[in-house]
Amino acid sequence: MLFLLLIAVVYIASPYQAWAFLIIIALMNVPATISNIGWQTLISGMIKDERRGTFFSDRNRLLTIAGMTSTLVIGIIMKNQTTNASAYQWLFFAALLFGLGEVFFLMKHKEKVQYSSNTKKASMNWSIFKDHGYKWFLIAALCFNFTWQMSWGIFNIYHVRIAEATILWISIFSVACQLVQIFTFPLWKKWAEEKSNTLMLVWAALGMALVPFLTVLSTNLYYLTCVQALSGFFISGVVLLLFNLLLEQSPQETRTYCITTYNVLLSFVAFIAPQIGILLLEGLGIQKSMELNSIMRIGSAFVFLLMYSRTRKYTQTLLLKN
């Protein structure tokens with residue numbers, strides 16, 4: 001329903017419009033974060049472990065097709081409407097209608113209520129941090145997300161200010177990225193089943209490290225489209241493998257706590273990382289800040305490699321003891 005407030009922003013006095021828009025966007029993240037935790041917990045219980053790779057690969061492909069289609073349509077519609085406030089209002093209204101449709105279909109889910117003999121439930125189960133696999137997953141995933149998200153603002157500034165990309169070109173970048181994702185989700189699923197989610201995340205993170213470095217080599221819009229397509233190949237791996245690894249390393253009895261903790265910490269990282277990225281941009285400039293981000297992403301890949309090594313040793317030790 002907050003889309004209605006976004007539609008009404010244009011009727012606020014000009015000096016306050018930007019702040020009003022920013023505050024509404026911030027407020028939208030509150031229900032979005034809560035619902036994301038609920039959705040991940042719900043879907044993790046629905047899908048059996050042996051079907052996880054195939055299901056989430058197919059699901060992510062469908063989500064990417066939907067996102068790509070809407071992005072392309074909006075890019076075409078807004079090509080000559082960048083200063084037309086009513087065009088944005090109609091798009092926000094369309095988003096509201098799709099949101100109501102989402103609520104309708106969510107209400108169709110019939111979830112079996114799980115009754116517990118414990119009447120008193122703690123707000124937090126700190127034992128999850130003693131679980132070896134989950135603890136290492138948190139460290140590795142948060143390190144990677146920090147290095148990934150700190151450059152998002154820099155990418156936008158480079159594309160718009162330096163490369164002078166229009167809304168249509170931004171849409172083309174997104175479509176190129178998403179189109180590659182659609183075809184590569186099954187590949188990452190196959191490789192993860194053959195090797196492991198953790199090991200393949202090492203390669204996905206290393207691939208992501210190439211993107212900032214390659215981006216600043218040119219302002220040619222066709223070249224940047226190719227870089228975004230390359231980015232899509234590795235993003236599909238990151239999106240699929242991170243969630244699969246979260247479920248894999250979260251014990252069944254404490255899975256809700258594990259998912260909630262991960263999302264809360266991820267939200268904190270999503271808040272602080274772009275701020276640090278912009279500070280680096282102001283201090284070092286776009287070229288050096290992007291190169292530094294590539295180095296940091298390589299470092300996050302080695303954290304996944306360390307997790308893979310430690311987890312294997314820990315598992316082998318447990319097997320020997322038993």
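Start by selecting leucine 97, which sits in helix α4 (helices are DSSP runs of H or I with at least four residues, numbered from the N terminus). Leucine 97 has a relative accessible area of 47% and is therefore partly exposed; that term covers values between buried, under 20%, and exposed, over 50%, with a 1.4 Å probe and protein chains only. You are looking at a predicted model, where local features need pLDDT of at least 70, side-chain atom pairs count only at pLDDT 80 or more, and totals for chains, interfaces and linings use all residues. Residues are numbered from 1 along each chain as its sequence is written, and side-chain values use heavy atoms, leaving out hydrogens and water.

Now move on to helix α6 (residues 152-162) and helix α8 (residues 197-215), whose axes come within 11 Å and cross at roughly 30°. That angle makes α6 roughly parallel to α8 (the term applies under 35 degrees). The crossing of the two, α6 and α8, is left-handed.

Stay on helix α8 and pick methionine 200. Is this residue buried or exposed? Methionine 200 counts as buried, because its relative accessibility is 8%.

Finally, select glycine 237 as well: its C-alpha atom is separated by 7.8 Å from that of methionine 200, and the two residues are 37 residues apart along the chain.

Note on methods
Axes fitted to C-alpha atoms, helices over the stretch in contact; angles between N-to-C directions. Parallel < 35°, antiparallel > 145°, perpendicular 65-115°, else oblique. Left-handed = near helix turned anticlockwise from the far one by under 90°.
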